[in-house]
Amino acid sequence: MSELVFAFGSNMCSGRFRDYGVSPEGAGKLALLSGYGLRFTKPSVDGSGKAHVEPEEGAEVWGVLYSIPDADLPTLDVGEGRGYARHRRSVRTAQEDVEAWVYEAVHPSRDPALRPYSWYTRFLVEGAKEHNLPADYVRALEGVEAAEDLNAHRDTQKRLLVCGERTD
């Protein structure tokens with residue numbers, strides 16, 4: 001058995017799932033979450049803002065719909081569990097509307113200075129390109145104002161993660 005998970009943040013990059021030890025069943029599919037807007041208001045322990053979706057009339061968030069084996073879901077919960085909770089939401093694929101798990105911030109911040117790190121936004125952009133999200137949405141992700149991570153070791157380690165299929 002498996003569960004559908006809608007990834008809208010760094011998990012659009014399949015390398016992030018591999019880093020968690022999660023192995024999606026097949027390639028992710030392009031999907032759309034309507035009635036929500038993308039924000040970077042989930043405070044992280046590293047001092048940056050991570051992706052979050054919150055209700056917003058008329059807004060849409062593109063992402064990737066993955067089928068995750070039931071055995072891998074607890075691993076993903078642990079990885080996402082630092083400030084996120086799973087909620088069932090309706091997302092649209094090219095073929096149909098389906099119910100999927102969406103990880104939403106438990107306590108989003110209202111701090112206007114909160115920014116994602118540039119290595120983090122790279123996961124979104126590369127993951128969006130990996131799954132052929134609309135070009136205008138990719139451009140919007142490329143335009144997200146990001147901060148540089150002052151922790152050089154963490155920055156280097158995060159930049160070593162590769163999106164897309166492994167070549168080894």
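## Largest pocket

By class, twelve nonpolar, five polar and nine charged residues make up the lining of the largest pocket. Here Ala, Val, Leu, Ile, Met, Phe, Trp, Tyr, Cys and Pro count as nonpolar, Asp, Glu, Lys and Arg as charged, and the others, Gly among them, as polar. The model is predicted: local features need pLDDT of at least 70, side-chain atom pairs count only at pLDDT 80 or more, and totals for chains, interfaces and linings use all residues. Residues are numbered from 1 along each chain as its sequence is written, and side-chain values use heavy atoms, without hydrogens and water.

Of the 26 lining residues, Arg16, Tyr20, Lys50, Gly79 and Arg82 lie nearest the centre of the largest pocket. A pocket is an open set of points on a 1 Å grid over the protein atoms alone where a 1.4 Å probe fits, with protein on both sides within 12 Å along at least five of seven lines; lining residues have an atom within 4 Å of a point. The volume is about 490 Å³.

## Charges over rings

The charged end of arginine 16 sits over the ring of tyrosine 20, 5.8 Å from its centre. For arginine 88 and the ring of tryptophan 101, the distance is 4.7 Å. The criterion is NZ of Lys or CZ of Arg within 6 Å of the ring centre and within 35 degrees of the ring normal.

## Aromatic cluster

Tyr117, Trp119, Tyr120 and Phe123 form one aromatic cluster. Tyrosine 117 and tryptophan 119 are both buried (under 20% relative accessible area, 1.4 Å probe, protein chains only).

Terms used:
Buried < 20%, exposed > 50% of the residue type's maximum accessible area, 1.4 Å probe, protein only. Phe/Tyr/Trp six-rings, centres within 6.5 Å; stacked < 30°, edge-to-face > 60°. Points joined across faces, edges and corners; volume = space filled by probe spheres on them.
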